[in-house]
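Subject: Structure for your review

Dear colleague,

Please find below the structure that I am handing over to you.

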Amino acid sequence: MGTQSTPDLSTQAPSLSLSTVAVIGLGTMGTGIAEVLTRAGREVIGIDTDEAAARHAVSALESATARAVQRERLTERERQDALARFRTFTDLQAAADADLVIEVVPEDYELKRQVFAELDAVVRPDTILATGTNALSVTRLAADSQRPERVLGVHFFNPAPAMKLVEVVSSVLTAPTAVAAVTELARDLGKDPIAVGDRPGFVADGLLFGYLNQAAAMYESKYATREDIDAAMRLGCGLPMGPLALLDLIGVDTARTVLEAMYTESQDRLHAPAPILGQLAEAGLTGRKAGRGFYTYEAPGSPTVVPDAESPASAHELAAGRTVTGVGVAGSGTMASGIAEVFAKAGYKVVLAARSLEKAEKAKARIAKSLGRSVDKGRMSAETRDAALAAITPAGSLDAFADVDLAVEAVAEDLAVKQELFRTLDKVCKPGAVLATTTSSLPVVACARATSRPQDVIGMHFFNPAPAMKLVEVVRTVLTADDVHATVRSVCTKVRKHPVDCGDRAGFIVNALLFPYLNNAIKMVEEHYATLDDIDAAMKLGGGYPMGPFELLDVVGLDVSLAIEKVLHAEFRDPGLAPSPLLEHLVAAGCLGRKTGRGFREYARR
């Protein structure tokens, strides 16, 4: 190491301007980071041992800035200035003048360590060294460096020009001034930086990859098709991509590496890579970049999915079902009203039955208000509204279901209550009527066994609010008849919903993937790893989620969330699914979310 003294970055501030930045590794991420920096006025030194990669990076920057000029986001002069600020080299010696070096070489610890070792001999003593890893230990890289106080992580998200989140990762060795300088740079780039500690996955990937891993395992178990898993999470949670399509985009091999690192540290079985990730990676089926992963693509690098042996057959949609003209909806709450509205708008005759005629009429009045809002917003004509309302008959008893072809139960999420209702439906409904439960967490077969015709019983899980949400999980039990399944799929299509098939197990598709993710977010707060605000921001900005996990928990209701997590834990017996103690404590204290005015956050009472 020689006798050269090392400056104390904790007292001697580095150049806060960080005007010259070296980016090492000009793959997709490195090229994206270089574009962000050059467009923000930084001098960028792009370094890659592969001359072809360097040429491609220049070409990509030329194309991106040309598009920006066409869209009037840059002038031609600004474009030329940006291009002039980007120079490429094949030797790390080019980083000698950099104020900051960002390393984004492949996720291999030895390769990164070697890069940092070479940089130690090249850069100035005050130059900050940042690794772009999302899985490997920043602390270990820092400890192996000659100047650990200037080493940190700076984790951009792909595509770097579009994604707003940047995680600034400090180890116990990192000088606060280095963190401050890089955080300020991120803000200057128009990004939203959050400060996090060093653990595999950090915040966004730490939550995202566990969810992706469970989705891969769900597919591997043949519980649901890849198309249905992806559609369920897009339509049920408002996500921009389904988990298996996202794994193909990230790279199956990259996801496996991240999960291996997470599991090594956490020993949480939810992070142990699903075997199929290893099988695909070893076979070279690494996703879009290879032209095949969970899906098959038109060509390597293409986003266009093409049919393959696993693509669903169109004959599946044409299976013979039963005729449905009249529908009964049991219940008077928000979900029952919403489902009745959906069927009435689609032209079905609907009987809306509650425990009393008064409750049923109140539920119909709620539907009238909802339809009225649609008219006011120009989404529906007054005539269509009137026809839908005329199709709904309120009733104070399930006896009114005598002639319906499909009976849909939407009462309280209590198994004893549902079983009693199904016993009544068994007596009241005509032979051949399909009996459906909207349960989100209880076993459908338990409702089926309460009847003398379990073959006619199926799950039909709508999402709230039913008129707006496109997804319906169609839940077959081991006893459900094929024509009953075909009937419900056909009805879903007629009411303009997207049906996805799954088996009768806790959580079905959406809740089985969503609630462990929410539970893990709570554990991050419990462990003081990150704040509510940082976690919510990370998932919205880094993952494209419409709501952060704590916003969603407060909307869903902490009591509802706890109940679902208990059901998942009881069914799968995985210690990683055990509900967070913090969630249990909040529920015990009556802090249930927005509906009580306080959950993870406080809300103004209406």
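Strands β16 and β17 (residues 471-476) run antiparallel and are joined by four bridges. Within this pairing, Gly 459 has Val 475 of β17 as its bridge partner. Please note that the model is a predicted one.

On strand β15 (residues 434-437), the relation to β16 is parallel, with three bridges joining the two. Strand β16 itself, which spans residues 457-462, is mostly covered, and six of its six residues are buried. Val 457, Gly 459 and His 461 point one way from the strand, while Ile 458, Met 460 and Phe 462 point the other way. This arrangement may be read against a general rule: in a regular strand the side chains alternate between the two faces of the sheet.

These strands belong to an open sheet of eight strands with mixed pairing, in the order β13-β12-β11-β14-β15-β16-β17-β18. Its edge strands are β13 (392-395) and β18 (498-503), each of which pairs on one side only. On average, neighbouring strands of this sheet are turned by 25° against each other, direction ignored. Strand β11 (residues 326-330) runs parallel to strand β12 (residues 349-353), and five bridges join them.

Four bridges join the parallel strands β4 (residues 100-103) and β5 (residues 128-131), and Glu 103 has Thr 131 of β5 as its bridge partner.

I turn next to the nonpolar cores. The largest of them has 105 residues, and those with the most contacts inside it are Phe 294 and Phe 401. Helix α18 (residues 510-526) supplies the largest share of this core, namely 11 residues. Another core, of 37 residues, lies apart from it and includes Val 329, Ala 363, Leu 406 and Val 474. Leaving aside residues up to four places away in sequence, Phe 401 touches several residues, among them Gly 328, Val 329, Val 351, Ala 407, Leu 425 and Cys 429.

Finally, there is a helix pair to report. The axes of helix α1 (residues 28-39) and helix α2 (residues 51-70) come within 10 Å and cross at roughly 50°. At that angle α1 is therefore oblique to α2. The crossing is right-handed. Thr 31, Glu 35, Thr 38 and Arg 39 of α1 make the contact, together with Ala 57, Ala 60, Leu 61, Ala 64, Thr 65 and Ala 68 of α2.

Yours sincerely

Terms used: Residues are numbered from 1 along each chain as its sequence is written. This is a predicted model: local features need pLDDT of at least 70, side-chain atom pairs count only at pLDDT 80 or more; totals for chains, interfaces and linings use all residues. Side-chain values use heavy atoms; hydrogens and water are left out. Two strands pair if DSSP finds at least two bridges between them. Axes are lines fitted to C-alpha atoms, for helices over the stretch in contact, and angles run from 0 to 180 degrees between N-to-C directions. A nonpolar core is a set of buried Ala, Val, Leu, Ile, Met, Phe, Trp, Tyr and Cys residues joined through side-chain atoms within 4.5 Å. Buried means under 20% relative accessible area, exposed over 50%, partly exposed in between (1.4 Å probe, protein chains only). Contact means heavy atoms within 4.5 Å. Angles under 35 degrees count as roughly parallel, over 145 as roughly antiparallel, 65 to 115 as roughly perpendicular and the rest as oblique. A crossing is left-handed if the near helix is turned anticlockwise from the far one by less than a right angle, and right-handed if clockwise.
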